[in-house]
Amino acid sequence: ERASPVYLPETRIPMLPQTLTRSASLAEQRDNDGLTFAVRLGHSGDIEEYRIVPSRVINVKKATYSQVDELLTWNPEAALEEREGRGDAEQVKSSFILQRLMTLAKRRMSFRMLQGALSTQIPKAQVTVWDEIVNGEKRKEVKVEISSQTPSRMMIAEFMLLAGEVAARFAHERGIPFVYRTQLPVLKVPDFPDLDHFRNEACRNFQQVLMMKPAVNLVMPARHNGLGLSLYSQITSPIRRYMDLLLHRQLRASLLGSAPAYSTDRLQHLITKLDRKVAAISRLQRSSERFWILEYLRRKGPDIILSGTVLRSYNPAGLVSQVSILLDELGHIETLRVADKAPKVGAKVNVQVKECNPVIGTIKLELVRLE
């Protein structure tokens with residue numbers, strides 16, 4: 001009944017019991033059962049050959065994204081000379097391997113972009129809520145910051161997409177009942193040449209997202225145009241997504257020479273059921289995140305002024321414009337109505353928070369000054 005975890009700023013509800021999650025996760029100082037996706041990439045980033053095999057993963061070393069980002073900046077040869085005799089040879093080796101992997105990840109990204117993949121990266125708020133004792137009373141504290149796409153996160157994302165393409169190919173070539181993630185084609189939004197790099201990317205990608213059809217799950221193979229992949233399945237999170245767990249069962253049955261765990265008709269039934277649950281969880285997560293962002297602004301006090309970037313200016317009836325603004329300090333997008341001359345897309349603006357009610361989810365912004 002629980003299709004995926006629920007990630008809220010104030011808490012996390014796992015899909016599986018934590019005891020099972022811990023035992024199924026990769027851990028240090030033990031042997032870990034896994035499923036290995038081995039791929040040979042061509043010079044252009046295309047898949048030349050692949051295999052999927054059950055595996056035993058040993059010598060696991062855990063690292064945070066920030067630690068990997070640091071290792072990606074090292075010069076391994078210089079670092080080895082500098083740190084010789086100080087026990088850092090293992091880190092230098094890790095740096096060399098990670099930088100080689102980053103080269104392959106960039107090759108894959110370039111390949112996907114040439115195949116029509118669309119960039120949809122927009123600054124996004126990361127909301128954290130925790131309990132704190134203030135004047136003897138417990139209260140919720142809120143922090144809102146921008147979640148950035150660091151090199152290590154980009155690398156992991158590319159390899160997750162690669163595994164998804166391999167899984168989809170494997171299933172399609174063997175006639176295994178499977179679920180494919182697909183998305184219809186859409187025209188690419190052009191650049192805004194008058195804007196700097198940051199504003200151009202934010203405005204173009206926001207309008208690109210508005211034009212794109214939602215990705216859907218199908219039992220028939222079809223292209224995922226947004227990712228630039230001819231076949232793709234979400235497969236890399238069997239602990240966090242129930243659909244991924246189902247597909248791992250399909251792969252495992254094939255690798256063991258057994259009959260598929262699920263028929264195509266059964267998968268179609270499960271898609272309908274799980275998609276509905278996942279959509280409800282996504283709505284809950286967005287609602288909770290927006291509540292805490294509005295609460296953060298409410299605590300800042302009345303008439304707070306925020307800087308922003310106009311991502312879209314829409315005037316359907318020629319009277320009042322709907323202006324979507326990225327609040328630069330928060331990575332959060334809000335829409336306000338402008339009766340007079342609306343600012344252009346890409347303009348830097350200041351807005352004043354006139355009213356903010358997190359409980360009913362309303363915020364009133366007024367334009368203060370155009371660029």
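Predicted model: local features only at pLDDT ≥ 70, side-chain atom pairs only at ≥ 80, totals over all residues.
Trainee: Which residue takes a positive phi just after H5?
Mentor: That residue is Gly-175, with a phi of about 65 degrees.

Trainee: And what does the charged end of Arg-174 sit over?
Mentor: The charged end of Arg-174 sits over the ring of Phe-170, at 3.8 Å from the ring centre. A further case involves Arg-312, whose charged end is placed over the ring of Tyr-314, 4.5 Å from its centre.

Trainee: What about aromatic rings: how many pairs does a search of the whole structure find?
Mentor: The search finds two aromatic pairs. One of them joins Phe-291 and Trp-292, with ring centres 5.0 Å apart.

Trainee: Why is that pair of Phe-291 and Trp-292 called edge-to-face?
Mentor: The planes of the two rings stand at 90 degrees, so the pair is edge-to-face; the cut-off for that class is over 60 degrees.

Trainee: Is Trp-292 buried or exposed?
Mentor: Trp-292 is buried, having a relative accessible area of 9%. Phe-291 is partly exposed, at 30%.

Trainee: Moving on to Ser-324, where does it lie?
Mentor: Ser-324 belongs to strand E10, residues 321-327. Its relative accessible area is 8%, so Ser-324 counts as buried, given that buried means under 20%.

Trainee: Which side chain makes a polar contact with the side chain of Ser-324?
Mentor: The partner is the side chain of Thr-335, at 3.4 Å. Beyond four places in sequence, the residues in contact with Ser-324 include Phe-206, Thr-309, Arg-312 and Ile-333.

Trainee: Where is Thr-182 found, then?
Mentor: Thr-182 is in strand E7, which covers residues 180-182. This threonine is buried, with 5% relative accessibility. Leaving out residues up to four places away in sequence, Thr-182 touches several residues, among them Pro-214, Val-216, Leu-218 and His-224.

Trainee: Last one: where is Arg-30 found?
Mentor: Arg-30 is in the loop between helix H1 (18-24) and strand E3 (32-41). Arg-30 is partly exposed, with a relative accessible area of 34%.

Trainee: What does the side chain of Arg-30 reach?
Mentor: It reaches the backbone oxygen of Arg-22, at 3.2 Å. Apart from residues up to four places away in sequence, Arg-30 touches Arg-22, Ser-23, Ala-24, Ser-25 and Val-57. Arg-30 and Ile-58 are 28 residues apart in sequence, while their C-alpha atoms are 6.7 Å apart in space.

Definitions and conventions:
Residues numbered from 1 in each chain as written. Heavy atoms only, no water. Helix = DSSP H or I, 4+ residues; strand = E, 2+ residues; numbered from the N terminus. Buried < 20%, exposed > 50% of the residue type's maximum accessible area, 1.4 Å probe, protein only. Contact = heavy atoms within 4.5 Å. Polar contact = N/O pair within 3.5 Å; in protein donor to acceptor, adjacent residues only side chain to side chain. Phe/Tyr/Trp six-rings, centres within 6.5 Å; stacked < 30°, edge-to-face > 60°. Lys NZ or Arg CZ within 6 Å of the ring centre and 35° of its normal.
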